[in-house]
Amino acid sequence: PVHLSSFFDSLLETMSKVAEKKSITLSAEVPEELFMEGDEDKLRQIFLNLLSNAINYTHEGGNVKVRAVNRQNKDGEETVVFTVVDTGMGIPRKDLPRIFERFYRVDKARSRSSGGTGLGLSIVKHLVELHRGAISVESDLGIGTTFILELPLLQDNAI
Ligand code: ATP
Ligand code: MG
């Protein structure tokens with residue numbers, strides 16, 4: 001099982017240089033005792049992509065925060081709900097349904113500096129689904145974006 005608190009400590013450490021360069025405050029709020037099953041490398045890829053986006057599409061001096069909480073879904077299954085919250089530029093409402101598509105980028109001009117390909121979120125969605133999880137997004141233009149992921153605490157099959 002993955003110890004989420006250590007997992008995010010090391011992930012944030014990895015990303016601290018890029019965040020510092022933009023004076024972005026990067027933080028995590030994760031219960032100390034929370035462990036979940038899953039493929040650690042794939043989980044790392046998920047949060048690397050989401051946090052890179054959050055940093056990339058947030059102006060200097062902004063905030064990026066990841067939270068994890070343990071809860072029971074409506075079927076009584078134990079899950080972990082993650083949120084990745086930024087105070088960035090936001091995503092226009094009309095683009096929200098398409099951002100998980102391969103190669104989809106909101107606006108070539110604003111995304112150009114990142115040199116991205118538009119694959120990050122499609123990979124995230126794929127890896128979340130491998131864990132039998134779900135991902136959704138809420139965004140307010142000019143205010144910020146929140147990605148919400150709910151993943152089962154336990155996995156009965158190999159991923
Ligand atoms: P890549 O991740 O492949 O380097 P990318 O970041 O452009 O390139 P995705 O990660 O798939 O591709 O994101 C798709 C698009 O969604 C981005 O181009 C950007 O316009 C928008 N987007 C993603 N995350 C955020 C965010 N946190 N805030 C604002 N816009 C975002
Ligand atoms: Mg990306």
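## Reading helices, loops and a ligand shell

Modeller: Let's start with a pair of helices in this predicted model. Helices α2 and α4 pack at an angle of about 145 degrees, and their axes lie 9 Å apart.

Colleague: Thanks! Which hand does the crossing of α2 and α4 have, left or right?

Modeller: The crossing of α2 and α4 is left-handed. On the α2 side, the contact is made by Lys42, Gln45, Ile46, Asn49, Leu50, Ser52 and Asn53. From α4 come Gly120, Leu121, Ile123, Val124, Leu127, Val128 and Leu130.

Colleague: How do the residues of that contact between α2 and α4 divide into nonpolar, polar and charged?

Modeller: There are 8 nonpolar residues, 5 polar ones and 1 charged one in the contact of α2 with α4.

Colleague: Now for another pair. At what angle do α1 and α2 pack?

Modeller: Helix α1, which covers residues 4-21, packs against α2 at about 25 degrees, with the two axes 11 Å apart. Angles under 35 degrees count as roughly parallel, and α1 and α2 are therefore roughly parallel to each other. Their crossing is right-handed.

Colleague: Which residues of α1 and α2 meet?

Modeller: Leu11, Met15, Val18 and Ala19 in α1 meet Arg44, Phe47, Leu48, Leu51 and Ile55 in α2. This contact of α1 with α2 holds 8 nonpolar residues, no polar ones and 1 charged one.

Colleague: Let me pick valine 18, which sits in helix α1. Why does valine 18 count as partly exposed?

Modeller: Here we count neighbours: 20 or more other C-beta atoms within 10 Å make a residue buried, 12 or fewer make it exposed, and anything in between is partly exposed. Valine 18 has 14 other C-beta atoms within 10 Å, so it is partly exposed.

Colleague: What should I look for in the backbone angle phi?

Modeller: The general idea is that most residues other than glycine have a negative phi. Phenylalanine 103 has a positive value, near 70 degrees, and is not a glycine. Phenylalanine 103 is found in the loop between β5 and α3. With 9 other C-beta atoms within 10 Å, phenylalanine 103 is exposed.

Colleague: What is phi for arginine 132, and where does that residue lie?

Modeller: Arginine 132 has a positive phi of about 60 degrees, although it is not a glycine. Arginine 132 lies in the loop between α4 and β6 (134-140). It has 17 other C-beta atoms within 10 Å, so it is partly exposed.

Colleague: Finally, the ligand. How many residues surround ligand 1, and which are the closest?

Modeller: The shell around ligand 1 has 23 residues, and the closest are Arg105, Val106, Gly116, Gly120 and Leu121. They divide into 9 nonpolar, 12 polar and 2 charged residues.

Notes: Residues are numbered from 1 along each chain as its sequence is written. Chains are lettered from A and ligands numbered from 1 in the order in which they are written. This is a predicted model: local features need pLDDT of at least 70, side-chain atom pairs count only at pLDDT 80 or more; totals for chains, interfaces and linings use all residues. A residue is near a molecule or strand if its C-beta atom, placed from the backbone, lies within 6 Å of it. Ala, Val, Leu, Ile, Met, Phe, Trp, Tyr, Cys and Pro count as nonpolar, Asp, Glu, Lys and Arg as charged, and the others, Gly among them, as polar. Axes are lines fitted to C-alpha atoms, for helices over the stretch in contact, and angles run from 0 to 180 degrees between N-to-C directions. Helices (H or I, at least four residues) and strands (E, at least two) are DSSP runs, numbered from the N terminus. Angles under 35 degrees count as roughly parallel, over 145 as roughly antiparallel, 65 to 115 as roughly perpendicular and the rest as oblique. A crossing is left-handed if the near helix is turned anticlockwise from the far one by less than a right angle, and right-handed if clockwise. Two residues are in contact if their C-beta atoms, placed from the backbone, lie within 7 Å.
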